Protein chains: 2
Amino acid sequence: MTKADIVVLGGSAAGITAAITARRHHPDKSILLIRKETKVPIPCGIPYIYGTLTDADKNLIPDAILETNKVDLRVGEATKIDRAGRAVLLGDDRIEYERLILATGSVPTQPPIPGVDMEGVYIILKDVDYLRQLQRKLQDASNVVIIGCGFIGIEFADEINKIKGKNVTILEVAPNCLKLSYDDEFCEEMETHLRGRGITVYTSTAVEQIAGEGRVREVRLNDGTVIPADLVILGIGAKANVALAKEAELRLGLTGGVAVDRTMQTSDPNIFACGDCAEKISFFGGGPSPLKLASIAQLEARIAGANVFGLRRESDGTLGVWSTAVGDLAMGTAGLTESMAKDFGYDVVSGTVETPNRHPGCMPGAAPVKVKLVFERHSRTLLGGQVRGSVSVGELINTIAACVQKRMTAEDIAMFQMGTHPALTASPIAYPLVNAAEVAITRLR
Amino acid sequence: MTKADIVVLGGSAAGITAAITARRHHPDKSILLIRKETKVPIPCGIPYIYGTLTDADKNLIPDAILETNKVDLRVGEATKIDRAGRAVLLGDDRIEYERLILATGSVPTQPPIPGVDMEGVYIILKDVDYLRQLQRKLQDASNVVIIGCGFIGIEFADEINKIKGKNVTILEVAPNCLKLSYDDEFCEEMETHLRGRGITVYTSTAVEQIAGEGRVREVRLNDGTVIPADLVILGIGAKANVALAKEAELRLGLTGGVAVDRTMQTSDPNIFACGDCAEKISFFGGGPSPLKLASIAQLEARIAGANVFGLRRESDGTLGVWSTAVGDLAMGTAGLTESMAKDFGYDVVSGTVETPNRHPGCMPGAAPVKVKLVFERHSRTLLGGQVRGSVSVGELINTIAACVQKRMTAEDIAMFQMGTHPALTASPIAYPLVNAAEVAITRLR
């Protein structure tokens, strides 16, 4: 029998940050993190194992971060949560807690397609051995088909396409790739870009069957097209991993995650949940949010970790900020796209500008950067923004995220005080964030 | 005699943006921009003419931006403002206005050093012919000495150092280069970096004399050191260009700029001022601010341009956001450095973290990024931040700028919802903005 003041279940992005945050806020408590993996892959880095890093061991979250923060580690699979006894069971082993933080993540969705369980069909498991096995199998595959054009799908497609001698095809049931993440005009740019890199992209296409004898040989589409396939990867999405929570009769939410309030407390006051396993509400309106991102997990883990022995932090709801990179094309979204905002029921006005990301535009490294901002018409509040450009897009979208989080208006952004530099940013006159707001203001009159 | 509803005096960053903003807000008004330069250099791009762009004509603000916005252009030197008659005089020519926007910029400070008016000593004038002449003279110079280690000084030093066969020395009276822009630890990194690139850096050094016969031959320091010099560049700073405003008896401010209120209105309600020529108040406390930056000029120009026929916008005061790049080392500041904050009288707590700017840290392009945040102890409000890293620093500092502008607290930033991506940013677990706030929070207890 072991005992710890704080037990964290799950060792990926949410679990680690929850443990570190608990340590920061509770320097005298004992903290134990339980995870089933010997090694933990960096979740967002998984696609990059295949073309860029070439070794799964280069994509690990180092355990040193636990040691530095005096978080004990136990590798093993939790089999049960005994709420009445305040204990987590690992088979016959029993670990007692004062407070438990669930960070059990998500499991990939397996679509109801005939043939998905055939040999040669892979889902994306956050498991180093499995990922390494996929890498070995890729060596012998010429024709690789990826089902699902979300982040994971296109990043896998592009990485595998970097390996010599692979024909890569991606399939998307929606009219555009990344449809759930960007407005159409951004999606279309990414599609053109992917095609330009030699990847075959099918959109508005449903998979009828994954076929073969014993192992996959082809993918059959609903329009009769047959695509030869030695290996198929499913990048469809993921659902909250709530098996233990459900068995322990913790309340679940509408999207299937462990129900939590704004303090990340579950229906059991001694148990908190964060990350992909936790139910989320949207920053916009407070309804359920289906988003699952490592960055969202961070926010929730920082809240859960701080709150375990007395409430200190509350979530404003899930904003949703992400970026995507394929080669030198990077895109990002913070908050709502125009199409999402309309689906939510907002009356919106947008402003879009494009300008070189250096000044003058002939400075080395210059590339066009496009910014689209979406405002609610009546209050003029920023609901979201999208950016397309090169590497700095990763931080520019975070500037927009800050503006959304503080509910800045178009006027606030028109008067945004930014810094600019010839070698680093667009010119002050053309700075795209500010100018997109000015364009929207013109349309708001 | 000409007449325009809105006359803008000055054609650099402030004047152009004031004119464009006036056009956006007043589609039916006639707008005339008067400037003395045939061609307008991009102010922040001037150093880059010498090593990177190699041609002053590559560093111009295109006039197309005026045409697109239906702003008429008159090239000529204004000689007088006739406030009673609401007219600007260009010698015998008279241009009447309904509203006048002054955007006359600044002139370089000439320090009281013996020999500054000698041949071979240059100031940084925003004048293409002068800048081109400097370029020609540089061809014959082996030993180049730059006096003043502010942005302009170090950027000139590094650019000239890129030209084959130049010995470049920079001199700074303060104990560190960039002392007015960054805390010491950042300044020291830049100094080491400059030295590593072959530039000789003297700090805590006053120039006693610029010496030579007719043209410069050497620079003599107060400690007796003599530095051979074929060419000297003064990068000491700039003062508001208020000659016409002063003659027209507009009220001036404490730092010597044209006095304006928060709407950028001068003491004459028909005259607005913006940019380097306008007096500034600080975002912090509201006292006079000596800062002069193209990005500040933008804010003021967007206010002045919107307000000419009825007040629509007000400034919260000058925040001060800038970035600097020398080779692949970039640094940025938003708001107050720790040292500035202490000078202002704030009781501060800071948090600093350093992490790779990609995840995993072996992703291509990975480099360390350092973030320092400075909070006011009692209110826990963010007063400012500094960043050191590579190109994305230019936008990361703007994320911090947004946090300062909305007076976010350490807790707000600990719960910041950012996006992350392996190829674009630090890992979600280590995201430096959030972690610097967490470090500061630990110290705030």
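Which residue in β23(B) is the bridge partner of B:V353? I opened the notebook with that one, and kept in mind that this is a predicted model.

**Entry 1: the pair.** I looked in β23(B) and found B:V371 as the bridge partner of B:V353. I then followed the two strands along: β22(B) and β23(B), the latter covering residues 368-376, run antiparallel and are joined by 9 bridges. A reminder to myself: strands of a sheet pair through backbone hydrogen bonds, either parallel or antiparallel.

**Entry 2: the sheet around them.** I traced the strand order in chain B as β20-β21-β24-β23-β22, an open sheet of 5 strands with antiparallel pairing. I noted β20 (321-326) and β22 (348-356) of chain B as the edge strands, since each pairs on one side only. I also wrote down the twist, which averages 10 degrees from one strand to the next.

**Entry 3: helices on the sheet.** I checked what packs on this sheet and came to helix α10 of chain B, residues 393-405, which touches β20, β21 (329-335) and β24 (382-389) of chain B. The direction of α10(B) makes about 10 degrees with that of β21(B). Helix α12 of chain B, residues 432-444, packs on the sheet too, touching β22 and β23 of chain B. For α12(B) I noted an angle of about 140 degrees with the direction of β22(B).

**Entry 4: over to chain A.** I turned to helix α10 of chain A, residues 393-405, and tested its length: at 1.5 Å a residue its 13 residues should span 18 Å, and the end C-alpha atoms are 18 Å apart, so the two agree. I found α10(A) mostly covered, with 13 of its 13 residues buried. Just after α10(A), I spotted A:R407 with a positive phi of about 50 degrees.

Key. Residues are numbered from 1 along each chain as its sequence is written. Chains are lettered from A and ligands numbered from 1 in the order in which they are written. This is a predicted model: local features need pLDDT of at least 70, side-chain atom pairs count only at pLDDT 80 or more; totals for chains, interfaces and linings use all residues. Helices (H or I, at least four residues) and strands (E, at least two) are DSSP runs, numbered from the N terminus. The expected span of a helix is 1.5 Å times one less than its number of residues. A residue is buried if 20 or more other C-beta atoms lie within 10 Å of its own, exposed if 12 or fewer, and partly exposed in between; C-beta atoms are placed from the backbone. Two strands pair if DSSP finds at least two bridges between them. Axes are lines fitted to C-alpha atoms, for helices over the stretch in contact, and angles run from 0 to 180 degrees between N-to-C directions. Two residues are in contact if their C-beta atoms, placed from the backbone, lie within 7 Å.
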